[in-house]
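Please keep the model at hand while reading.

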Amino acid sequence: MIDLKALRENPAAFKDSQKVRGEDPAIVDQLLAADDARREAISEFESLRAEQNTLSKAVGAAKGDEKNSLLENAKQLATAVKSADAKRAEAEETANKLALLIANLIDPAAPIGGEADFKVIEKVGTPRDFKAEGFEPKDHVEIGKIIKAIDTERGAKVAGARSYYLTGVGALLELALVNYAISLAVKAGFIPMIPPVLVKPAAMEGTGFLGQAAENVYHLKEDELYLVGTSEVPLAAYHMDEILEQLPIRYAGYSPCFRREAGSYGKDTRGIIRVHQFEKVEMFTFCKPEDAQAEHEKLLKWEKDFFDSLEIPYQVIDVASGDLGASAVRKFDIEAWIPTQQAYREVTSTSNCTQFQARRLNIRYKDEKATKPVATLNGTLVAVPRTIVAILENYQQKDGSVKVPKALIPFIGMDTLVCA
């Protein structure tokens, strides 16, 4: 949730932010009007309550006809207080609903534009020259069949489109990636977590996933629960309605993730690049607001270290304003090189959400002067399917086998993936 005080002081900044995000700037004025109405209703209610308290004391001291007259006035005032309270509650509900429609105030350093307007920050590694090695690279689906690591046909038979099985060495590769990622996170000081993946509406709304991202969320209506698309949601909500004493707090959550992939019809229908269920290790940080920018750089560094150790070529991009999501003020993605697509594809992202999620989830800390919302940040250490795609395609050999990145050998117990 945005800072209402900041919005009152500089509504133009929030209107500009809404525009570059591709959101409706008119909501800013609607919220300001609703906020004025809310404050007026609160003032009216509190004034009548104060009058009621004063009258109650007078009734206690009065006698006879004077007391009867005061009791009649008290009865009328009670009706007015009840009406003012209802007006206050309605005004607060209206203002709160509008506040939830306004995205976080964007970082001025973020590139402006849509999905194609990102800025490349750096490129790391050199793509293999398969032609010089004397063969044409196969895509991850072909390789997955050769070494019996991926079965999309039976996945579709059992669970529908965009579903898959990881089998044999494919399953071992996932477990190796997860264990390796968790080991690195623990060494960096993160507390490992296996969170719930079914959450209440407050957790989903508090993290900003029931706005523009709602179409991709699985909702279990009968139970009024949601399947999470990232463990960012339960990790953020872990400290909901709490005051944190020591910051920063860092968690690394491992969980399955579920996404409907609405609006992606016809995109990445082959293989396991865009699927409905996948596993991920997610980093999540609670810190002081003044430390958020530096923490964002640290999360990106940990992501880069992970892919550096896998020795897969990648690029880092600064995500453009229209592709940030409601909570993030700035986001960096790592995109791994996929040889058969001759393109870089997203494998991780890290977002600075400043105090936006913490205001919604009521997560605070105390400084010398007051109790304030913390800042929250998230970063994917490994999203398993896409990382498997990158490994299979970049490490494939002419005979159809796949070399294992050196960093993963201790976790998988082999140096080459072949059909068992």
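Predicted model: local features only at pLDDT ≥ 70, side-chain atom pairs only at ≥ 80, totals over all residues.

Strand β12 (residues 330–338) and strand β13 (residues 343–352) run antiparallel to each other and are joined by nine bridges.

**The eight-stranded sheet**

- β12 and β13 belong to an open sheet of eight strands, ordered β1-β11-β12-β13-β16-β10-β9-β4, in which the pairing is mixed.
- The edges are taken by β1 (119–124) and β4 (191–193); each has a single partner strand, so one side of each has no neighbour in the sheet.
- On average, neighbouring strands here are turned by 25 degrees against each other, direction ignored.
- In general, the strands of a sheet pair through backbone hydrogen bonds, in either a parallel or an antiparallel way.

**Helices lying across this sheet**

- Helix α8 (residues 169–187) lies across β4, β9 (249–258), β10 (277–287) and β16 (375–383), and its direction makes an angle of about 165 degrees with β9.
- Helix α13 (residues 384–394) lies across β10, β12, β13 and β16, and runs at about 40 degrees to β16.

**The three-stranded sheet**

- An open sheet of three strands is also present, with antiparallel pairing and the order β5-β7-β6.
- Its edge strands are β5 (198–199) and β6 (218–220); each has a single partner strand, so one side of each is left without a neighbour in the sheet.
- Three bridges link β6 to strand β7 (residues 225–227) in the antiparallel sense, and H219 has Y226 in β7 as its bridge partner.

**Nonpolar cores**

- In soluble globular proteins, nonpolar side chains tend to be buried together.
- The largest nonpolar core of this model comprises 56 residues, and those with the most contacts inside it are L173, L177, F306, L392 and L417.
- Two or more residues of this core come from each of α8, β9, β10, α11 (292–310), β11 (314–318), β12, β16 and α13.
- The largest share, nine residues, is supplied by α8.
- Leaving aside residues up to four places away in sequence, L177 touches F306, L310, V382, V384, T387, I388, I391 and L408.
- Another core, of 24 residues, lies apart from the largest one; V197, A236, F258 and Y365 are among its members.

Definitions and conventions. Residues numbered from 1 in each chain as written. Heavy atoms only, no water. Pairing = 2+ DSSP bridges. Helix = DSSP H or I, 4+ residues; strand = E, 2+ residues; numbered from the N terminus. Axes fitted to C-alpha atoms, helices over the stretch in contact; angles between N-to-C directions. Contact = heavy atoms within 4.5 Å. Core = buried A, V, L, I, M, F, W, Y, C linked by side-chain atoms within 4.5 Å. Buried < 20%, exposed > 50% of the residue type's maximum accessible area, 1.4 Å probe, protein only.
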